[in-house]
Amino acid sequence: MDHYKSVHPLKYYQDYLIHDLRPDGRSISKFRNIAMNVDSITTANGSAVVRVGNTCVVCGIKAELGPPRTEEPENGFLLINVDLPSLCSSQFRPGPPSDKAQVLTAFVNNIALQCGIIELKSLCIQADKLVWTLYCDIICINYDGAVADACFTSLIGALLSVSLPKVEYNNETNVISVNEETKISLNVLCKPIATSFAIFNEKTILVDPCEEEELLSSGMFCIVISDNELCSIHKPGGNVLEEEQIKKCISKAKERTVLIYELIQATTFKQKLL
Amino acid sequence: MDLVSSQGLRIDGRRPNELRKIRCKLGVFSQPEGSAYLEQGNTKVLAAVYGPHQTKGSRSKAIHDAAIVNCQYSMATFSTNERKRRPRGDLKSTEMTLHLKQAMQASIKTDLYPYSQIDIYLEVLQADGGNYCACVNAATLALIDAGIPLKEYVIACSASLGNGDVPLIDVSHLEETMGGSNLTVAVLPLSGQIAVLEMSQKFHIDHLPVVLNEALNGCRRIYEILDEYVKTHLNEIGTIAGWAKSDF
């Protein structure tokens, strides 16, 4: 059985797809289970661990104080970095960030800043003198497809779990006083959630692909939805699609976004109770 | 501030000869051949093992009668109190990587896999002292999960000297930075062979046997804890898969 899979991987998959099934037992439009945990890393100001099927992603947020940019004296900084280390899959070699990692970093950064996940002005302590810089580092620890989905979910979970100490800046004496006792949490304005799809041929679009399916597919695309609004459709080349197919995928993505919101709500609520 | 209070307790409330709580799990990820997650107190470490596979990169690096062991130690930027700018590639990480490779090479039967490469990747998610020790222990578990033949477990433990004469075991980050001496040892516990030994700061040579003994004892106790866990894990998997007898 395994020989057939190694020699003709595409035919192996097509034999399953004819019956609307995938080798891991899912139908072509079934999503994998998602599990989430927040605030488990105490050295970080906020953290979240998200597991989408086998794909596992950790997001840690560290906050630092510093001066703002002179062109934008009232804006703090939100710097997101996605890392796909060689630990997560044998396809990533040790060394500088791979193309995939750089593309993901740019993708997540663009959407987070354009959607306005956080009001950057809320990170300002004293205009032109002191602002918060939030470094969000997303590390993938097991790569099994649909990393973008896990990245966005973990980013939102981590942002919701951030607790910053209250900082005061005395204008006359230029003294910064940090009050570790009072904790402020962030106001997350919108929650963009990504859903990944893999195109197999003109008729078959697989929802939430795993790594094998990603490698065998003839195209990938990703839909990002936030609060019932379409944030982004990212389709880098690959097989062509019809408008109807894209519309169907958008509605599937909408359903999944609602489920993920419930998960985030339940996880962060549980943390607040503790 | 004294490392050991007058009541005989350390800063985190432990007694001088108490190890931190160890929690571990084998086979946590699907992509690597072997993986493990280990917590020693607040230090959280992930280990992933890929291999043995063909030597990646230059073919000239391959050795004709043994496997190459390739290690990579990486700390997440959010793992320390101050944000760590470079997860890997800085001097300390490179040194740790080399020491880890030397520790694991002492036990892996590399002569069984000529022209191959075994990759061991370590990721520290939260660092609270004893990073090297947690990494060595996690790497051992991951190698066992990958089914790579080892001579023995490689267990590492750290020890220190508090108040000038009290040996402390399993040093936390606060105790490390408070200026006390720090002795780290990686050992093959059953045969008592020392793979890696490192010491910093200074203390009188008369104290060396005491501190070294404390660290070796710590290694033996950690070995028992990890071995117990591995046996339970194999029993569970074996029962599910049907190859283990439920009574042994």
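Reader: How many salt bridges does the rule find across the interface of chain A and chain B?
Author: This is a predicted model. One salt bridge joins Glu64(A) to Arg85(B), with the closest N and O atoms 3.6 Å apart. Across the interface of chain A and chain B, the rule finds three.

Reader: Which strand gives the most to the side of chain A that touches chain B?
Author: Two strands of chain A, S3 (55-66) and S6, each supply at least two residues to that side. The top contribution is six residues, and it comes from S3(A).

Reader: How many residue pairs are in polar contact between chain A and chain B?
Author: On the side of chain A, 30 residues are in contact with chain B. Chain B brings 28 residues to the contact. With both residues at pLDDT 80 or more, the pairs in polar contact number 16.

Reader: What area is buried between chain A and chain B?
Author: Carbon and sulfur atoms give 51% of the buried area. The total is about 2,400 Å².

Reader: Which three residues supply more than any other three of the area that chain A buries against chain B?
Author: Together the trio supplies 25% of the area that chain A buries against chain B. The residues are Thr43(A), Lys62(A) and Leu87(A).

Reader: How many salt bridges does a search of the whole structure find?
Author: The search runs over all chains. One of its finds pairs Glu212(A) with Lys5(A), at 2.9 Å between the closest N and O atoms. The total is 22.

Reader: How many residues apart in sequence are the parts that Glu212(A) and Lys5(A) tie together?
Author: Glu212(A) counts as partly exposed, at 34% relative accessibility. Lys5(A) is also partly exposed, at 25%. Glu212(A) lies in helix H5 (residues 211-216) of chain A and Lys5(A) in helix H1 (residues 2-7) of chain A, so the pair ties together parts whose separation is 207 residues.

Reader: Is Arg32(A) buried or exposed?
Author: The side chain of Arg32(A) meets that of Asp144(A) in a salt bridge, 3.7 Å from N to O. The pair links distant parts of chain A, 112 residues apart. Arg32(A) sits in the loop between helix H2 (9-17) and strand S1 (34-38), and Asp144(A) in the loop between strand S6 (130-142) and helix H4 (147-161). Arg32(A) has 10% relative accessibility and the cut-off is under 20%, so Arg32(A) counts as buried.

Reader: Which residues are linked with Arg32(A) and Asp144(A) in a network of salt bridges?
Author: Asp144(A) counts as buried, at 11% relative accessibility. The network joins Arg32(A) and Asp144(A) to Asp24(A), Arg26(A), Asp149(A), Asp208(A) and Arg256(A).

Reader: What is the relative accessible area of Arg20(B)?
Author: Arg20(B) and Asp128(B) meet through their side chains in a salt bridge of 4.0 Å, N to O. The two are 108 residues apart: Arg20(B) in the segment before strand S1 (22-26) of chain B, Asp128(B) in the loop between strand S5 (116-126) and helix H2 (131-146) of chain B. Asp128(B) counts as partly exposed, at 23% relative accessibility. Arg20(B) is buried, and its value is 7%.

Reader: Which backbone nitrogen does the side chain of Glu213(A) reach?
Author: Glu213(A) is found in helix H5 of chain A and is buried, with a relative accessible area of 0%. Its side chain makes a polar contact of 3.0 Å with that of Arg22(A). Residues that Glu213(A) touches include Tyr13(A), Phe200(A) and Leu206(A). At 3.1 Å, the backbone nitrogen reached is that of Cys210(A).

Reader: Why is one side of strand S10 and of strand S12 of chain A left without a neighbour in the sheet?
Author: The open sheet has four strands, with antiparallel pairing, in the order S10-S9-S11-S12 (chain A). Strands S10 (205-207) and S12 (229-234) stand at its edges, so each has a single partner strand.

Reader: What is the bridge partner of Val224(A) in S12(A)?
Author: Strand S11 (residues 219-226) of chain A pairs with S12(A) in the antiparallel sense, over five bridges. Val224(A) has as its bridge partner in S12(A) the residue Ser232(A).

Reader: Which helix lies across S11 and S12 of chain A?
Author: The helix spans residues 99-115 and runs at about 155° to S12(A). It is H3 of chain A.

Conventions: Residues numbered from 1 in each chain as written. Chains lettered and ligands numbered in written order. Predicted model: local features only at pLDDT ≥ 70, side-chain atom pairs only at ≥ 80, totals over all residues. Heavy atoms only, no water. Pairing = 2+ DSSP bridges. Contact = heavy atoms within 4.5 Å. Axes fitted to C-alpha atoms, helices over the stretch in contact; angles between N-to-C directions. Buried < 20%, exposed > 50% of the residue type's maximum accessible area, 1.4 Å probe, protein only. Polar contact = N/O pair within 3.5 Å; in protein donor to acceptor, adjacent residues only side chain to side chain. Buried area = accessible area lost by both parts, 1.4 Å probe. Lists of a residue's contacts leave out its neighbours within four places in sequence.
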